[in-house]
Amino acid sequence: MQRATRLIVLALLVAAIALPFAAPTYYMQFATKVLILGMLAMALNLVVGFGGLVSVCHAAFYGIAGYVLAIAAPKYEPASLWLTLPLALIASSAAALVLGALSLRTRGVYFIMVTLAFGEMLFYFFHDTTFAGGSDGAFINLKPEAMLFGVNVLDLDKPRVFYWAVLAMAVLTILLLHTITRAPFGRALAAARDNERRARSLGFPIYRVRLTAFVISGALAGLAGYFAAAQFGFVAPEMLGWHQSAIALVMVVLGGQRSVAGPLFGAVIVMGLEESLKGLTEHWKLIEGLIIIAIVLAFPSGLQGLVARVLPAHDPEKREPAFGQDRARIDNESDHG
Amino acid sequence: MADIAMRTAALSKRFGGLAAVNDVSLAFAVGEIHAVIGPNGAGKSTLVNLLSGDFRPTSGDIFVGDRNVTMLAADRRGLFGIGRSYQKTTIFPDATVFENVRLAVQAHAPSAIALMARTAGEQDLRMRTDAALSTAGLNARANVRANTLSHGEQRQLEIAMVIATDPKVVLLDEPLAGMSGAESRDMVELIKTLRQGRAVLLVEHDMDAVFAVADRLTVMADGKVIASGAPEDVRRHSAVRAAYLGAETLHT
């Protein structure tokens with residue numbers, strides 16, 4: 001990292017840590033929400049930006065973790081963080097493993113459709129059954145506590161502590177994603193995105209690499225979902241729906257897909273717009289949509305970057321100049337893997 | 001006879017009613033460039049795709065050494081020592097030349113998909129990448145983005161990537177397609193060096209190049225092998241004359 005970049009990162013981090021001393025509780029809680037959704041968007045971006053796979057089911061992993069907390073929490077006592085957080089992460093990872101194992105057999109538009117279908121299946125499971133409150137959702141009456149030698153070391157009831165805990169998780173997410181995207185794993189994942197056929201013929205186990213990315217991404221989405229549920233004290237099926245996935249995708253597109261922390265800034269833009277427009281008019285969603293369209297038009301490389309990265313994943317040869325025509329037919333048969 | 005690096009036994013591939021490759025049994029020896037020629041639609045590219053694992057055969061077997069690799073997917077065959085170039089240059093266009101070759105080296109390293117970069121491992125990859133770049137004569141271009149290279153250089157890069165995986169068998173699918181005269185001559189020289197310690201399968205339409213480098217020549221037509229042997233013997237084969245090689249080609 002260059003010196004200037006380092007200084008900016010350090011300044012941002014210091015500002016983020018110091019925020020509770022400057023901002024009123026309302027804005028601190030708002031910042032917490034932004035960080036949580038930013039974590040979801042960063043998690044999603046491992047698959048979308050670095051993997052070139054547009055998943056529309058990440059809200060499912062986010063929601064499942066929230067539901068795990070809601071189900072595991074006793075009604076009149078706080079749940080143990082040490083127990084429920086790992087449980088939530090295991091549940092999200094397991095869901096990502098199953099959904100990823102099935103959907104990663106498809107490519108491109110079909111991948112989008114399959115992930116959408118799986119996401120909606122889970123949404124309707126929570127919505128249409130009486131399980132965990134059905135469409136009414138379920139309450140988490142008390143925030144989880146982190147007991148260590150009889151002392152709650154992390155009093156999440158205090159908004160300030162909760163904010164710092166979420167900030168720490170967001171930093172952890174960034175560090176983890178930073179590490180793996182720069183490791184051989186990240187290079188293999190990007191290679192599969194840029195030219196699947198070449199990556200495979202060099203010997204990279206593409207399916208395994210992508211599935212690993214999908215599971216890590218699902219687990220991190222679960223981490224965000226756990227804290228979302230803890231913050232609101234409430235989970236509802238909407239948390240798993242495609243609408244939630246799409247918002248995360250918008251954050252990814254706005255924030256930039258080639259950077260680890262970019263989607264966090266996408267979350268700041270989207271949530272900032274929502275927050276500032278809500279007070280002005282009840283038609284704020286319309287205005288928000290128009291502004292987002294304007295941003296995308298003004299910075300086309302963001303959107304183009306997504307398209308360019310997504311399309312080669314299902315047709316690696318489209319971008320390359322065509323030499324020799326006699327194998328066109330056979331080429332079409334070759335993507336059977 | 002020299003060591004057989006790879007062989008096929010009654011290999012066939014059907015696309016619906018079309019037998020693109022029909023009952024092909026060939027052996028590829030270490031140290032030999034084995035050229036496969038034939039008119040368009042003869043099944044040459046399909047054969048290469050079957051050998052590389054990009055296609056699954058309808059029937060028949062493929063052996064690397066004694067090992068039957070017919071059911072191995074393309075990535076496993078890559079690890080098993082089969083490297084290939086594609087008819088259309090297939091590289092990572094947005095990455096630099098160095099990054100392209102490093103991916104090839106990395107794919108066969110113990111750390112191929114490690115979740116954490118280790119200093120020693122990265123250093124090892126860098127050294128081996130530099131060595132592969134020197135072998136291919138691409139040192140000066142190491143930090144250039146691959147999609148800014150000339151077509152000939154891109155092909156050279158693709159072959160450098162294949163060599164960097166240290167394959168036992170190299171499959172070259174029309175490496176000279178779309179090349180200028182000077183680029184072709186360089187590529188022919190590069191191809192000649194590949195046979196050292198490896199078996200090379202060369203599919204190529206440029207007959208001058210084929211006769212300049214081939215140690216063994218197989219002619220295919222309609223998915224079948226119609227002749228196979230030393231280039232001079234095949235040249236005189238009457239079936240080949242009838243099916244493929246025009247009289248003019250023979251006398252040049």
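**Figure 1. Asp23(B) in strand β2 of chain B.** Asp23(B) is found in strand β2 (residues 18-24) of chain B; helices (H or I, at least four residues) and strands (E, at least two) are DSSP runs, numbered from the N terminus. This is a predicted model, in which local features need pLDDT of at least 70, side-chain atom pairs count only at pLDDT 80 or more, and totals for chains, interfaces and linings use all residues. Residues are numbered from 1 along each chain as its sequence is written, while chains are lettered from A and ligands numbered from 1 in the order in which they are written. The phi of Asp23(B), a residue other than glycine, is positive, near 55 degrees. Most residues other than glycine have a negative phi. Asp23(B) counts as partly exposed because it has 15 C-beta neighbours inside 10 Å. A residue is buried if 20 or more other C-beta atoms lie within 10 Å of its own, exposed if 12 or fewer, and partly exposed in between, with C-beta atoms placed from the backbone.

**Figure 2. Asp166(B) in a loop of chain B.** The loop between α5 (151-164) and β8 (169-173) of chain B holds Asp166(B). Asp166(B) is not a glycine, yet its phi is positive, about 50 degrees. With 15 other C-beta atoms within 10 Å, Asp166(B) is partly exposed.

**Figure 3. Strand β10 of chain B and its partners.** Five of the six residues of strand β10 (residues 216-221) of chain B are buried. Strand β4 (residues 33-37) of chain B runs parallel to β10(B) and is joined to it by four bridges; two strands pair if DSSP finds at least two bridges between them. In this pairing Ala35(B) stands opposite Leu217(B). Strand β11 (residues 224-229) of chain B pairs with β10(B) in the antiparallel sense over five bridges, and Met220(B) stands opposite Val225(B). The hairpin of β10(B) and β11(B) has two residues between the strands, and in it Asp222(B) takes a positive phi near 50 degrees.

**Figure 4. Helix α3 of chain B and what covers it.** Helix α3 (residues 97-107) of chain B has ten of its eleven residues buried, among them Phe98(B), Asn100(B), Arg102(B) and Gln106(B). The cover over the buried residues of α3(B) includes α7 (184-194) and α8 (196-202) of chain A. From chain B it includes α2 (74-79), α4 (119-136) and α5.

**Figure 5. The largest nonpolar core, around Ala224(A).** A nonpolar core is a set of buried Ala, Val, Leu, Ile, Met, Phe, Trp, Tyr and Cys residues joined through C-beta atoms within 7 Å. The largest has 165 residues, of which Leu40(A), Leu69(A), Phe204(A), Ala224(A) and Ala160(B) touch the most other members. Helix α9 (residues 206-232) of chain A gives the most to this core, with 16 residues. Beyond its neighbours within four places in sequence, Ala224(A) is in contact (C-beta atoms, placed from the backbone, within 7 Å) with Ile36(A), Met39(A), Leu40(A), Ala43(A) and Tyr62(A). Of the 337 residues of chain A, 46% count as buried.

Figure 6. The model scores ipTM 0.84 and pTM 0.85. Where pLDDT is low, the predicted coordinates should not be read in detail.

Definitions and conventions. Two residues are in contact if their C-beta atoms, placed from the backbone, lie within 7 Å.
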